[in-house]
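Open the model in your viewer and keep the selection tool ready. The tour goes from one selection to the next.

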Amino acid sequence: MKVGSKEVPAKLHLHDMRDQAIEALAKRIEGLVEDAVTHRGHCTMALAGGSTPLPLYERLGQLPLPWSKVTVTLGDERWVATDDPQSNERLLRRSLLSGPGRAARLVGLRTAAPSPEAALPEIEARLAGLRWPLDFVLLGMGEDGHTASLFPSLPPDQLRRALAGPGAARVIACHPASSPVARISMTLPALLDSHMILLLMSGDAKRRVLDRAVSAGPLEALPVRGILHQQRVPVEITWFP
């Protein structure tokens with residue numbers, strides 16, 4: 001895939017059916033986990049929330065992987081209680097971590113602090129204890145071009161910090177105009193501090209957004225361009241209708 005005259009390090013996998021896409025991506029992740037454990041002794045992954053990856057997590061959680069050597073965290077989180085239906089942590093606990101996958105270690109992004117801003121020091125400390133670079137990151141993409149909680153509708157100062165270069169904070173408190181709740185999100189530098197990025201999406205509308213995102217344009221307009229317009233980390237995109 002090209003952006004202007006530059007090659008984007010992304011492979012696009014198109015599938016006709018959801019089950020086919022989920023099975024193929026589950027096998028890919030199984031290989032990434034086993035490779036990380038074999039070569040680095042441990043696997044650390046950051047995962048997406050939302051409904052699209054739910055069947056993937058249910059499938060992965062049943063696989064006989066070396067789960068005791070796996071650490072799972074999240075690319076972003078809504079600032080709600082961990083038992084709230086909107087919580088990404090709740091999603092993982094009820095899918096990926098409910099079968100054999102329960103042996104994995106989960107590092108959540110929600111704390112007891114009253115706001116995401118107040119929680120930043122604790123969350124930064126939690127993430128500092130992970131093994132970096134992450135072995136892989138699984139992301140989704142919205143129809144507005146956001147990924148993790150890097151929304152184009154963030155206040156300009158938050159979006160600027162979220163998309164900053166290397167050396168920036170790993171997480172940011174987010175208040176996107178398009179979201180009814182505050183969020184916490186890994187910044188673009190943190191997401192790119194990984195060996196592999198997997199991007200999962202479905203539907204014709206998101207395919208059209210992807211086509212726009214791989215073309216040149218403002219990063220702030222489609223923050224997913226920060227994943228696609230870089231030469232540092234390989235990206236694999238899985239799409240189904």
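Is Arg93 buried, partly exposed or exposed? Arg93 counts as partly exposed, at 45% relative accessibility; buried means under 20% relative accessible area, exposed over 50%, and partly exposed in between (1.4 Å probe, protein chains only).

This is a predicted model, in which local features need pLDDT of at least 70 and side-chain atom pairs count only at pLDDT 80 or more, while totals for chains, interfaces and linings use all residues. Residues are numbered from 1 along each chain as its sequence is written, and side-chain values use heavy atoms, with hydrogens and water left out.

Arg93 and Glu89 form a salt bridge, with the closest N and O atoms 3.0 Å apart. A salt bridge is a side-chain nitrogen of Lys or Arg within 4 Å of a carboxyl oxygen of Asp or Glu. Both residues lie in helix H3 (residues 88–93), 4 residues apart, about one turn of the helix. Helices (H or I, at least four residues) and strands (E, at least two) are DSSP runs, numbered from the N terminus. Glu89 is buried, at 8%.

Next, select Arg28 and Glu236, whose side chains meet in a salt bridge (2.9 Å, N to O). Arg28 is in helix H1 and Glu236 in strand S12 (residues 235–240), so the pair ties together parts that are 208 residues apart in sequence.

Then select Arg183 and Asp76, a salt bridge with its closest N and O atoms 3.8 Å apart. Arg183 belongs to strand S10 (residues 183–186) and Asp76 to strand S6 (residues 76–78), 107 residues apart. Arg183 is buried, at 10%, and Asp76 is buried too, at 7%.
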